[in-house]
Amino acid sequence: DITIKAGDTVNWINIDSAAHTVTGGSPVEGPSGVFDSSLVMAGAEFAFTFNDSGSYDYFCMVHPWMVGSVTVN
């Protein structure tokens with residue numbers, strides 16, 4: 001979980017050996033459609049700029065127990 005300012009960019013780096021996604025939404029409610037990395041392979045990165053204030057949950061479509069949130073002030 002992280003708190004940032006509007007206009008900031010968050011960069012996720014996959015340091016695992018397995019592929020992951022960074023998908024806006026939650027495992028229970030499904031993808032929000034706000035952002036989706038598709039598969040991020042080992043060693044690859046995904047960045048997204050948050051322009052609007054709010055709280056943005058995200059999860060991994062491959063491993064739905066992996067969750068986080070971005071709070072934008």
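A pocket is taken here as an open set of points on a 1 Å grid over the protein atoms alone, where a 1.4 Å probe fits, with protein on both sides within 12 Å along at least five of seven lines; lining residues have an atom within 4 Å of a point. The model is predicted, so local features need pLDDT of at least 70 and side-chain atom pairs pLDDT 80 or more, while totals for chains, interfaces and linings use all residues. Residues are numbered from 1 along each chain as its sequence is written, and side-chain values rest on heavy atoms, without hydrogens and water.

The largest pocket has a lining of 15 residues, with Trp12, His20, Thr21, Val22 and Met66 nearest its centre. At least two lining residues come from each of strand 2 (8–13), strand 6 (54–59) and strand 7 (67–72), strands being DSSP runs of E of at least two residues, numbered from the N terminus.

Trp12 also takes part in ring pairing. Seven aromatic pairs are found in the whole structure; rings of Phe, Tyr and Trp (its six-membered ring) pair if their centres lie within 6.5 Å, with planes under 30 degrees apart counting as stacked, over 60 as edge-to-face and the rest as tilted. The rings of Trp12 and Phe35 are stacked, because their centres are 6.0 Å apart and their planes lie at 20°. This pair joins strand 2 to strand 4 across 23 residues, and both partners are buried, that is, under 20% relative accessible area with a 1.4 Å probe and protein chains only. Trp12 and Phe46 are likewise stacked, at 5.7 Å centre to centre and 25° between the planes.

Methods:
Helices (H or I, at least four residues) and strands (E, at least two) are DSSP runs, numbered from the N terminus. Buried means under 20% relative accessible area, exposed over 50%, partly exposed in between (1.4 Å probe, protein chains only).
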